[in-house]
Structure formats: C-alpha cells, structure tokens
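Me: I'd like to learn how to read a few features off a model. Can you walk me through them?

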Amino acid sequence: ASELLRQAGLRQTSCRVLLLSALLEAGAPVPLSQLEGRVEGFDRVTIYRTLQAFLQAGLVHRTNDSAGHPHYAPEMGQGLRRNHAHFECQQCGRLLCFDWDDTPALQLPAGFALEDLELRLRGLCDRCTVT
C-alpha cells in the first residue's frame, strides 16, 4: 500500500495506508460501511476524504450495489481499469469485479462523447449456485 501511495504521489498517512491495505486485501469491492469498521480510530469524514483522494489518484474505483450503497475496490493489483464488469449475486449480495474483454461496442448519436461505461451483471455467484 505504501508503494502504491508513493507512485500515486500521495502522502503516506496512517489512514491512507490502512484503508488502501484493507481494499487490497479484500479482493472484491468493499461497502463503505465495512471500510469504516476496518480502519478504526478514524472518523467517517476522514475515511470519505481519503477515498476521494484515492478516486482522484486512480487508485480505486467506486460502484454501487443495487440498493445504492457505495462499494470501493482497488484499480491496481487486479489488472482492472475502466470499462470492466461488476457482478452482483442476487442471493448473497456479493459484488465482484470481472475483467471483461468483450465490452459491447456502442454507437452514440452525433454530439455525444462517452466518458465512462459501467457493465452490471446480476445472477448467482459460484458460492450460491452450489447450494
């Protein structure tokens, strides 16, 4: 985490190191509510500002679950960048990032410029299809 912060040009505060480490260890998008519990000793405003700094630096991305709750996941270490897919399990609620090579080609009307694309997949995850 410290090295990623250095590469991004961000100071290595204790909150930043703890928060980025928690995201890297999770391996999947983490709800904001869970992040608050993983970095005890820091208030909600500090955590939110830290996440905003990570978003601006390109260290993490944000996605919402179907209930609108924000989840955060690291960009680096997963090989994922913009235009990857998110999968949400309809049974357990687990949210995952999937590397997706076959991003649908979109034909936008004249005058439109695409800046971001979010592909959301919903179904049953590998844990829930077994049960």
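Reply: Start with exposure: buried means under 20% relative accessible area, exposed over 50%, and partly exposed in between (1.4 Å probe, protein chains only). Helices (H or I, at least four residues) and strands (E, at least two) are DSSP runs, numbered from the N terminus. This is a predicted model, where local features need pLDDT of at least 70 and side-chain atom pairs count only at pLDDT 80 or more, while totals for chains, interfaces and linings use all residues. Residues are numbered from 1 along each chain as its sequence is written, and side-chain values use heavy atoms, with hydrogens and water left out.

Me: How far apart are the end C-alpha atoms of H4?

Reply: The general idea is that the expected span is 1.5 Å times one less than the number of residues. H4 (residues 44-57) has 14 residues and should span 20 Å; its end C-alpha atoms are 20 Å apart, which agrees.

Me: On to sheets. What is the strand order in the open sheet of three strands?

Reply: Two strands pair if DSSP finds at least two bridges between them. The order is S5-S4-S6, with mixed pairing. S5 (95-98) and S6 (119-123) are at the edges with a single partner strand each, so one side of each has no neighbour in the sheet. Strand S4 (residues 85-89) runs antiparallel to S5, joined by four bridges, and Glu 88 stands opposite Leu 95 in S5.

Me: Last one: how many disulfides does the structure hold?

Reply: A disulfide is a pair of cysteine sulfur atoms within 2.5 Å. The structure has zero. For Cys 89, the nearest cysteine sulfur belongs to Cys 128, 3.6 Å away. Cys 89 is buried, at a relative accessible area of 2%, and Cys 128 also counts as buried, at 10%.
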